[in-house]
Amino acid sequence: MDLNILVTNRCNATCDHCAPASGPRDRTELSRNEIFSCISQASETAAKSGQHLGISGGEPFLNYPLLLDVVDFASQRGFRVSVTTNGFWARSVEIAIEKLRPLRVRGLSAMSISRSPFHARFIPVDRVRNTLEAAAELGLRIHIKAVVTRSFPLSRLLAGLDDAAARADALVQTIPVYPFGRASEKVPESELYLRPGIPMLPCPGPALTINPAGVAMPCCNPGGEGDLLRLGNVRDQGLAELRQRFHQDPVMRIIHEHGPGYVVSAIRGRGLGHKLRDDYVGVCHLCGQIAADPELAAVAREVAQREEERRTQVQLDRLLASFQVAYNALTTAPTASAGPEADDLVVARETAEV
């Protein structure tokens with residue numbers, strides 16, 4: 001299972017779409033010991049499965065010495081390590097190589113760079129280009145996380161970057177803006193890629209995520225910070241317990257197997273359908289809305305609990321059925337005597353039945 005650690009909420013930019021509302025004045029962050037403890041606790045399975053560790057923020061390059069140590073520490077324990085950045089530090093290709101080469105040597109296997117019309121207010125496009133050129137030079141896999149709006153589609157967003165992206169063999173991930181955090185106030189709804197109807201897909205990106213306050217969430221969706229999806233806190237629980245909740249909590253099972261749309265009929269049945277929208281950006285939008293509303297969250301818990309009880313009953317019925325099959329096989333076995341040993345078996349079976 002993947003693990004994401006958002007090491008800080010401090011960022012050099014205050015993008016209007018930012019879901020965790022990161023910024024220069026925010027000092028919320030995990031301590032060095034907390035980060036290393038999470039990695040150490042998770043490393044038991046990492047060496048066996050090649051587990052992925054994603055480092056993000058905020059902007060993790062604001063504490064570059066810590067970033068070097070985290071990448072080194074994690075890669076030595078079997079993790080495939082990636083980092084997400086806005087590239088503010090790449091003032092030239094040479095500087096970008098100077099920053100990335102030590103990370104590459106320490107085991108960094110991939111990097112994502114954020115690009116959006118909101119980032120563009122703070123990060124010149126040349127910084128993104130320099131990062132791509134440096135990644136190509138170092139053979140570092142790189143993704144462009146392109147956050148799009150109606151007025152800023154992908155084609156416009158990547159203008160001037162196509163050649164550099166091609167040389168870096170960059171994978172472009174298109175991400176719509178979700179109305180969470182700062183975006184709920186700063187981004188007009190007319191800019192969102194809303195689609196009619198209720199999204200009925202399961203969670204598209206489940207991954208145990210630790211935010212800068214230590215809160216464990218089932219994904220990077222800020223809706224995960226609501227009580228409904230909050231798994232606990234690394235300052236109070238061990239990672240093994242949080243992972244168990246990630247996999248076994250009734251609400252998590254619903255989200256992972258069916259998606260938040262699974263509880264919509266129950267929400268309507270409670271007379272709360274008026275709280276639902278007619279259109280959504282996607283599954284994460286619906287999930288975040290349910291998690292943020294106490295009444296909708298309560299219905300989701302009820303549905304999850306009923307589903308868990310049904311699941312338990314099904315498992316019990318299967319267990320009883322298997323016992324019945326075994327008992328029937330024992331009691332209907334041939335009884336013809338083939339000598340003293342066969343007679344002993346008949347006596348033993350008759351004694352068991354008494």
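In which loop is the place of Ala21?

View 1. Ala21 sits in the loop between strand 1 (3-6) and helix 1 (32-49), where helices (H or I, at least four residues) and strands (E, at least two) are DSSP runs numbered from the N terminus. This is a predicted model, in which local features need pLDDT of at least 70 and side-chain atom pairs count only at pLDDT 80 or more, while totals for chains, interfaces and linings use all residues. Residues are numbered from 1 along each chain as its sequence is written, and side-chain values use heavy atoms, with hydrogens and water left out. Although Ala21 is not a glycine, it has a positive phi of about 55°, and Asp169, also a residue other than glycine, has a positive phi near 50°. Asp169 lies in the loop between helix 6 (162-167) and strand 6. Ala21 counts as partly exposed because its relative accessibility is 34%, whereas Asp169, at 67%, counts as exposed (buried means under 20% relative accessible area, exposed over 50%, partly exposed in between, with a 1.4 Å probe and protein chains only).

**View 2. The cis peptide bond from Gly57 to Gly58.** Omega of this bond is near 15°, and Gly58 is placed in the loop between strand 2 (52-56) and helix 2 (64-75).

**View 3. Helix 2 against helix 3 (residues 93-105).** The two axes, which are lines fitted to C-alpha atoms over the stretch in contact, with angles running from 0 to 180 degrees between N-to-C directions, come within 9 Å and cross at roughly 30°. Helix 2 is therefore roughly parallel to helix 3 (angles under 35 degrees count as roughly parallel, over 145 as roughly antiparallel, 65 to 115 as roughly perpendicular and the rest as oblique). Tyr64, Leu67, Leu68 and Val71 of helix 2 make the contact with Glu98, Lys99, Pro102 and Leu103 of helix 3, contact meaning heavy atoms within 4.5 Å. By class, six of these residues are nonpolar, none polar and two charged (Ala, Val, Leu, Ile, Met, Phe, Trp, Tyr, Cys and Pro count as nonpolar, Asp, Glu, Lys and Arg as charged, and the others, Gly among them, as polar).

**View 4. Helix 8 (residues 239-248) against helix 9 (residues 250-257).** Here the axes come within 6 Å and cross at roughly 55°, so helix 8 and helix 9 are oblique to each other. Arg245, Phe246, His247 and Gln248 in helix 8 meet Pro250, Met252, Arg253 and His256 in helix 9, a contact with three nonpolar, three polar and two charged residues.

**View 5. The largest cavity, with about 60 Å³ of space.** On a 1 Å grid over the protein atoms alone, a cavity is a set of points where a 1.4 Å probe fits but cannot get out, and a pocket is an open set with protein on both sides within 12 Å along at least five of seven lines; lining residues have an atom within 4 Å of a point. Grid points are joined across faces, edges and corners, and a volume is the space filled by probe spheres set on the points. The structure holds one cavity of 30 Å³ or more. The lining of the largest cavity, which includes Leu228, Val251, Cys287 and Ala300, divides into 10 nonpolar, no polar and no charged residues. Helix 9 gives the most to this lining, with three residues.
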